[in-house]
Amino acid sequence: MSKVSKELFAVVTGASQGLGKAFAIALAKRKINVILISLPNQGLAKIAADISQTYNIKTDYFETDFSSDQNIISAADWINSNYNTYILINNAGTGGAKKFDSASINYINTIIQVNTKAPALLIRSLLPNFKKQKQAYILNVSSIAAFSPVGYKTVYPASKTFIHSLSIGLSEELKYTNISVSVINPGAMKTNPEVTSRIEKQGFLGKLTLLDTTKVAQSSLQQMFQKRTFILLNPISWLTSILLPNWIKVPLITNAIKKEIVHE
């Protein structure tokens, strides 16, 4: 039976690239030990080793695919058996742009599984661990898409609406406990050159919401530690999503997204 580490760790999902990796580095800069979770064959071992060496902290990693309930539970069980954790950053997610009638059942199910079930089950599984700590933090990564339905993405915005709602509700439920819950709703981010290029094809609207992952991670952590429930990152895109009625914004955004799949 493994011995639980007495030191505290933060857990970051989707940590091999993009915003997840930026979160891991931002935590490491704060001298916070991190556990990195991501898909297999993403170079996670090297990332963990590099972060540990560069920032002189302890790291560990767990490779898994969140597209099954059992994998989610196995990851949580491994964490609870080996580590005391006080931060969970639910960053792992998947999406894309497709015509709904050409999207496979597996494609749709994976978005629902990874974007909604995985964070909910991971939070529930780690809560007993968090309750043992003096103070704990949960940060869920939603999306600006949570505030607007959009064609050619359909299931993705719906999944992010779920995460936003889950976060706000859970924050209220845990208000008088040692656990703080926050949610961020960023727009598109420069996660890699391919994604950046794809978003820029959307034209002005895509470029307007494009964010830098390092800045998003740093700002989000700062506000998370201040126990802010709703963390606002891009006021312009947020106001646009909130103030514009659906009959204006849904066609506007859908037409922008359609440019991503014009060559399909």
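Where is Ser-142 found? The residue sits in the loop between strand 5 (136–141) and helix 5 (155–173). The model examined here is predicted.

The protein has ten helices and seven strands. Its length is 264 residues, and buried residues make up 50% of them. Contacts across the sequence were also counted. Among contacts with a separation of 6 or more, 72% are between residues 24 or more positions apart.

Strand 2 covers residues 33–38, and strand 3 covers residues 59–63. These two strands pair in the parallel sense. Five bridges make up the pairing. Within it, Ser-38 stands opposite Glu-63 of strand 3. Helix 2 spans residues 44–55. Together with strand 2 and strand 3, helix 2 makes a β-α-β unit. The unit is right-handed.

Ser-142 has a relative accessibility of 2%. Ser-142 therefore counts as buried, since the cut-off for that class is under 20%. Its side chain joins that of Asn-185 in a polar contact of 3.1 Å. Asn-185 is also one of the residues in contact with Ser-142 once neighbours within four places in sequence are left aside.

With neighbours within four places in sequence set aside, Ser-143 is in contact with Tyr-156, Lys-160, Ile-184, Asn-185 and Pro-186.

The largest cavity holds about 50 Å³ of space. Its lining draws on two stretches of the sequence. One includes Gly-96, Lys-98, Lys-99, Phe-100, Ala-103, Tyr-107 and Ile-108. The other includes Tyr-152, Lys-153, Thr-154 and Val-155.

Key:
Residues are numbered from 1 along each chain as its sequence is written. This is a predicted model: local features need pLDDT of at least 70, side-chain atom pairs count only at pLDDT 80 or more; totals for chains, interfaces and linings use all residues. Side-chain values use heavy atoms; hydrogens and water are left out. Two strands pair if DSSP finds at least two bridges between them. Helices (H or I, at least four residues) and strands (E, at least two) are DSSP runs, numbered from the N terminus. A crossover is right-handed if, with the strands pointing away from the viewer, the path from the first strand over the helix to the second runs clockwise. Buried means under 20% relative accessible area, exposed over 50%, partly exposed in between (1.4 Å probe, protein chains only). A polar contact is a pair of N or O atoms within 3.5 Å; within protein, one must be able to donate a hydrogen and the other to accept it, and residues adjacent in sequence count only if both atoms are side-chain atoms. Contact means heavy atoms within 4.5 Å. On a 1 Å grid over the protein atoms alone, a cavity is a set of points where a 1.4 Å probe fits but cannot get out, and a pocket is an open set with protein on both sides within 12 Å along at least five of seven lines; lining residues have an atom within 4 Å of a point. Grid points are joined across faces, edges and corners, and a volume is the space filled by probe spheres set on the points.
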